[in-house]
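Dear colleague,

I am passing on the structure that we spoke about, and I would be glad if you could look it over beside the notes below.

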Amino acid sequence: MGINGLDSQGQPAAVLQGEDKDATQGFDRTQQVAGGEGKIAHEDGSVQLIEAEKTPVSSQPSESALQVDGHGPGTGFVPPEGGYGWLVVFAATWCNGSIFGIQNSFGILHLMLVKEHADPEDKTSQFKVAWVGALAMGMIFLCSPVVSMFTDSFGCRKTAVGGALLAFIGLLSTSFANSLILRYFTYGILFGCGSSFAFQPSLVILGHYFRQRLGLVNGVVTAGASLFSMGLPVLLDKVATPLGLSKTFQILSIFMLVQALLALTFKPLLPAGGSMGPPGMCPEQMQAGASAQDVSRWSKTLSRIRKYFNLRVFHIITYRVWAFGVATAVLGYFVPYIHLMNFVKEQFKGTDKEWVLLVCIGASSGVGRLTFGKIGDLIPGLKKIYMQVVSFIALGLMSILIPQCFVFEALIVVCVFLGLCDGCFLTMMAPIAFELVGPMQASQAIGYILGLMALPMTAGPPIAGLLRDYFGNYTVAFSLAGVPPMVGGMVLFFVPLIQSRLQRNQLTEETSTTAHMLPPATTVEAKSCSNGDMLPGYTDVETHI
């Protein structure tokens with residue numbers, strides 16, 4: 001399908017123009033445009049030839065038009081590839097940047113929380129304070145499967161606006177909270193859940209406005225988010241910190257209020273949940289069919305639950321191994337983002353430039369996402385997973401090296417590598433999911449693995465804080481935080497090997513079955529097919545028919 005609604009041969013694509021009113025009049029009408037002629041088939045079998053209007057195809061598709069190939073609503077949808085879509089890109093950039101900029105800058109907020117809530121006689125103060133930021137990051141991932149369901153049911157705009165408002169309320173109420181327990185709820189739960197509901201639709205909406213430039217706009221959103229991660233630490237250190245913790249949270253809440261307003265630009269061009277039904281059926285047809293069959297409300301509810309919580313991806317052994325490896329690795333992933341600032345305060349007492357480390361992590365992460373994304377496109381198949389293997393092992397080594405840095409400049413170098421590993425790991429998530437489960441199940445596969453990442457990512461920073469309180473320094477905490485990423489990386493190393501072995505076994509079984517069922521035949525050299533490799537079970541002649 002081309003930009004102007006033409007297929008690869010230059011023929012006009014079918015345009016969905018509403019319900020078929022002739023269906024209620026007792027006959028089935030089909031119209032085919034070919035060389036300026038069409039035909040209408042009636043019930044009695046007669047065929048009436050008609051002259052079709054030669055309507056010119058617009059070079060710029062309307063934003064509200066849904067163009068399809070006859071396989072369901074929005075299957076062949078042609079996005080505008082720009083225009084109003086660039087405003088949507090700006091809104092998505094602000095959403096990603098404000099949410100993860102605040103999360104990645106939590107090390108500075110952690111210092112302020114420790115000053116306000118730490119008790120010199122309490123040996124678990126670091127453990128308790130770390131839960132505030134860890135809960136917020138964990139809720140972003142834990143809510144991912146639920147956010148997918150809300151986005152499909154209510155659309156991107158309503159979901160994103162509601163999430164941004166919830167995050168705004170969470171940050172604003174955190175500024176008035178007086179205890180850690182309240183801040184667990186206001187910042188950890190409210191802000192974390194709201195961020196999840198605002199973040200995911202900002203990625204989905206990009207596909208409504210871009211297809212050929214989708215890689216470019218994702219790069220723009222990623223780079224813009226990295227700019228927030230670089231700028232917010234400076235803002236918090238130079239502007240917000242002198243004002244106090246309450247004023248700081250109020251300033252941060254403004255970012256989410258602006259995001260709620262920008263999310264109003266998320267005007268969907270595809271129907272909410274339009275791609276969830278069977279091919280060739282729009283939501284209205286599905287509802288009409290359900291009414292005609294007198295399906296009970298309970299049956300509909302069960303059907304929807306099965307549709308959104310489909311566990312078929314876990315039947316794939318390579319996906320299970322990958323999910324286990326990634327979930328193991330992220331146990332120590334978020335530890336530096338929370339505890340690095342406090343470590344610098346203890347290790348380098350004379351410096352006031354600790355915010356520079358967060359800027360370095362944000363900048364190198366943005367560079368890593370753009371660079372490794374391009375490199376990943378050049379690596380075929382499941383071999384992309386080796387990039388995650390290297391990034392996790394390197395991330396673990398960098399975490400172990402943090403307490404060994406006795407010079408501040410050495411710590412800057414370590415943080416640069418931490419950011420590069422972060423960018424590589426995150427960039428490869430979606431491509432690897434597509435390789436493991438295919439495009440039809442990739443969305444659910446990503447949602448499930450993000451949900452699985454929530455528990456270890458939430459538990460890692462408090463455990464590191466508990467180790468700091470017990471041993472009196474961060475040496476053991478950062479050293480042990482580097483172990484899970486290395487273990488997870490080694491687990492991921494076996495995923496391509498398992499995949500290759502399964503393919504060899506499948507090929508051997510197919511060859512053995514074919515040899516027993518078919519008589520010996522002369523070998524015919526297979527020719528290349530139009531769709532790639534020879535399809536299994538089909539001869540060369542059958543493939544070209």
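This is a predicted model: local features need pLDDT of at least 70, side-chain atom pairs count only at pLDDT 80 or more; totals for chains, interfaces and linings use all residues.

Residues are numbered from 1 along each chain as its sequence is written, and side-chain values use heavy atoms, with hydrogens and water left out.

The protein has 22 helices and two strands, taken as DSSP runs numbered from the N terminus (helices are H or I with at least four residues, strands are E with at least two). Of its 545 residues, 46% count as buried, where buried means under 20% relative accessible area, exposed over 50% and partly exposed in between, with a 1.4 Å probe and protein chains only. Among contacts (heavy atoms within 4.5 Å) between residues at least 6 apart in sequence, 79% join residues at least 24 apart.

Two helices can be checked against their expected span, which is 1.5 Å times one less than the number of residues. Helix 9 (residues 245-262) has 18 residues and should span 26 Å, which agrees with the 26 Å between its end C-alpha atoms. Its buried residues include Leu245, Phe249, Leu252, Phe255, Met256 and Leu262, and also Thr248, Ser253 and Gln259. Helix 12 (residues 317-329), with 13 residues, reaches 19 Å from its first C-alpha to its last, close to the 18 Å expected. Among the buried residues of helix 12 are Tyr319, Val321, Trp322, Gly325 and Val326.

As for packing, two packed helices are described by the angle between their axes and the distance between the axes. Axes here are lines fitted to C-alpha atoms, for helices over the stretch in contact, and angles run from 0 to 180 degrees between N-to-C directions. Helix 2 (residues 106-117) and helix 6 (residues 180-204) pack at about 155 degrees, with their axes 12 Å apart. The two are therefore roughly antiparallel, a term used for angles over 145 degrees. Helix 2 contributes Phe106, Leu109, Leu113, Glu116 and His117 to the contact, and helix 6 contributes Leu180, Arg183 and Tyr187. By class, this contact has five nonpolar, one polar and two charged residues; Ala, Val, Leu, Ile, Met, Phe, Trp, Tyr, Cys and Pro count as nonpolar, Asp, Glu, Lys and Arg as charged, and the others, Gly among them, as polar.

The structure holds four salt bridges, each defined as a side-chain nitrogen of Lys or Arg within 4 Å of a carboxyl oxygen of Asp or Glu. One of them pairs Glu346 with Arg468, the closest N and O atoms being 2.7 Å apart. This pair links distant parts of the chain, 122 residues apart, with Glu346 in helix 13 (residues 335-347) and Arg468 in helix 18 (residues 442-471). Glu346 counts as partly exposed at 28% relative accessibility, whereas Arg468 counts as buried at 16%.

Asp422 forms a salt bridge with Arg369, with the closest N and O atoms 3.5 Å apart, and it joins helix 16 (residues 408-427) to helix 14 (residues 355-378) across 53 residues. Asp422 is buried at 2% relative accessibility, and Arg369 is partly exposed at 23%.

For Lys384 and Glu435, the closest N and O atoms of the salt bridge are 3.6 Å apart. Lys384 lies in the loop between helix 14 and helix 15 (385-401) and Glu435 in helix 17 (residues 429-437), so the pair ties together parts that are 51 residues apart in sequence. Lys384 is buried at 9%, while Glu435 is partly exposed at 35%.

Terms used
Angles under 35 degrees count as roughly parallel, over 145 as roughly antiparallel, 65 to 115 as roughly perpendicular and the rest as oblique.
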